[in-house]
Amino acid sequence: MAVTVQMPCEAVVTELYQNAFVGSSIEHGTTIMQFDLRKLDFQCALGTTATICWRQEPSHIDMHELSTFHNPLQYRFIVAQGSSLDDKNQRGYFTPEIKGVSTSQHMRHSVIRLACSLAVVCGVSLRHIALLFSALVLIPITKSSIKRWMDAIGSHLPTPEDMLRHLLALTPVTECHLDGSYPLGTDNGVMVVKDEHDRILMTHEAASEHGDDARQCLQR
């Protein structure tokens, strides 16, 4: 005799698309939660009273989600190209937007941010992050994927010079600590200027940390 066990599942995605939820199933050991975006109120979103027409052949996009179950969890979004007539009897086309997820990475934005935060803020290696996601939340992630996510997020950040300019505008630095080091494998030393919070303000490669070489760094 088959036994059915119902378990409540709440997340940001289920809250956003609760009106589009059509059911769940298990495929190849993975729990699939299906959302048909054609059920949403697009007449209100588009500001029209015209009938919404959909293409007969819909497609679906599967998204990985953090799972606390005994099997992996995925969201399946059923989408199709829609169209409607405007006031001038001209047909306009649109495709439902999936909020909160990355359609190119098949992940929620929060999952991508979590992986990047573990690498940048916590200093966890990419291999260990992949192992953590696979063992704890049952999401298969490769090291190359995490590296691409970090590069994509970092491309929108300001340059170190712009960050320094912004920090100095908030709190001007009138005194600083000057230190010198000689990294292995280099011929010249590196002069490092830090503020009171030990943040590096500037680095300068010089043959010596004394005399004219140091004076050039201070003039900058």
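Is Cys-53 buried, partly exposed or exposed? In this predicted model, Cys-53 is partly exposed, as its relative accessible area is 35%. The other cysteine I wish to mention is Cys-122, which is exposed, with a relative accessible area of 54%. As to disulfides, the structure holds 0.

Let me turn to the helices. Two packed helices are described by the angle between their axes and the distance between the axes. Here the pair is helix α4, residues 126-136, and helix α5, residues 143-154. Their axes come within 9 Å and cross at roughly 110°. Angles of 65 to 115 degrees count as roughly perpendicular, and therefore α4 is roughly perpendicular to α5.

Which residues meet where these helices are in contact? From α4 there are Leu-126, Arg-127, Ile-129 and Ala-130, and from α5 there are Lys-143, Ile-146, Lys-147 and Met-150. Sorted by class, the contact of α4 with α5 has 5 nonpolar residues, 3 charged residues and no polar ones.

Is Asp-36 buried or exposed? With a relative accessibility of 10%, Asp-36 counts as buried, because the cut-off for buried is under 20%. What does the side chain of Asp-36 contact? A polar contact of 3.0 Å joins the side chain of Asp-36 to the side chain of Arg-38. Leaving aside residues up to four places away in sequence, Asp-36 also touches Ala-20, Val-22 and Ile-78.

How values were computed
Residues numbered from 1 in each chain as written. Predicted model: local features only at pLDDT ≥ 70, side-chain atom pairs only at ≥ 80, totals over all residues. Heavy atoms only, no water. Axes fitted to C-alpha atoms, helices over the stretch in contact; angles between N-to-C directions. Helix = DSSP H or I, 4+ residues; strand = E, 2+ residues; numbered from the N terminus. Parallel < 35°, antiparallel > 145°, perpendicular 65-115°, else oblique. Contact = heavy atoms within 4.5 Å. Nonpolar A, V, L, I, M, F, W, Y, C, P; charged D, E, K, R; others polar. Disulfide = S-S within 2.5 Å. Buried < 20%, exposed > 50% of the residue type's maximum accessible area, 1.4 Å probe, protein only. Polar contact = N/O pair within 3.5 Å; in protein donor to acceptor, adjacent residues only side chain to side chain.
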